Amino acid sequence: SYPKIEEAIKFVLDDDFPNVYISPLFRMAGNECVRINLESSSSEDLATNFEVRTYDILISYYTKADMSKEQDNEFVKNRIDKLKKALIDNQVKTTSNNWAKLEVTGITYNVGNDDNDDKDNLYIAELEVSATNYNQF
């Protein structure tokens, strides 16, 4: 069921973001891209005919920008807000019904990691997303 959740999130974001992909590994696409990666899942409730499972998904936003410039900084933060809003707007109802509830549980700005150690002006933000799914057997 988890590939359907990643694919549904990609579908939600594709309209507003040009380079959305599902992968555990970073690859820059254009000047701005969004990476979706399932981090973990846990069973919340289990019965003979269904399971309630929560999926933890990391959505990484990458952009090339000079954050020392006020205009770039404001633009990037607005894009992150747009990303969050696209997820929140689809938190309960999806066209594919791949989750019963979707929440943005946290946002980390200005992430420093191996993805941007050697890249000038690569800004990263990470959105922690939780999706609850009712799986029928």
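Trainee: Which backbone nitrogen does the side chain of Glu6 reach, and at what distance?

Mentor: In this predicted model, the side chain of Glu6 reaches the backbone nitrogen of Leu38 at 2.9 Å. Glu6 is placed in helix 1, which spans residues 2-14. Although Glu6 is buried, it has no salt bridge; Arg35, the nearest side chain of opposite charge, is 8.6 Å away, whereas a salt bridge requires the nitrogen and the carboxyl oxygen to be within 4 Å.

Elsewhere, charged side chains do pair, and the count comes to six salt bridges. One of them joins Lys82 and Asp16, with N to O at 3.9 Å. Lys82 belongs to helix 2 (residues 70-89) and Asp16 to the loop between helix 1 and strand 1, so this pair ties together parts that are 66 residues apart in sequence. Lys82 is partly exposed, at 37% relative accessible area, and Asp16 is likewise partly exposed, at 31%.

A further salt bridge links Asp89 with Lys85, whose closest N and O atoms are 2.8 Å apart. Because these two residues are four apart in helix 2, about one helical turn separates them. Lys101 and Glu103 also form a salt bridge, at 3.9 Å between the closest N and O atoms; Lys101 is partly exposed at 41% relative accessibility, and Glu103 is partly exposed at 34%.

Finally, Glu39, Glu44, Asp45, Asp56 and Glu128 gather in a surface patch of negative charge. Strand 2 (residues 32-46) gives the most to this patch, with three residues. Asp45 lies in strand 2 and is partly exposed, with a relative accessible area of 40%.

Key: Residues are numbered from 1 along each chain as its sequence is written. This is a predicted model: local features need pLDDT of at least 70, side-chain atom pairs count only at pLDDT 80 or more; totals for chains, interfaces and linings use all residues. Side-chain values use heavy atoms; hydrogens and water are left out. Patches are made of residues with over 30% relative accessible area and no salt bridge: like charges are joined within 9 Å, nonpolar side chains (Val, Leu, Ile, Met, Phe, Trp, Tyr) within 5 Å. Accessible areas come from the Shrake-Rupley method with a 1.4 Å probe; for residues, only the protein chains shown count as cover. Lys and Arg count as positive and Asp and Glu as negative; His and the chain ends are not counted. The place of a charge is taken as NZ of Lys, CZ of Arg, CG of Asp or CD of Glu. Buried means under 20% relative accessible area, exposed over 50%, partly exposed in between (1.4 Å probe, protein chains only). A polar contact is a pair of N or O atoms within 3.5 Å; within protein, one must be able to donate a hydrogen and the other to accept it, and residues adjacent in sequence count only if both atoms are side-chain atoms.
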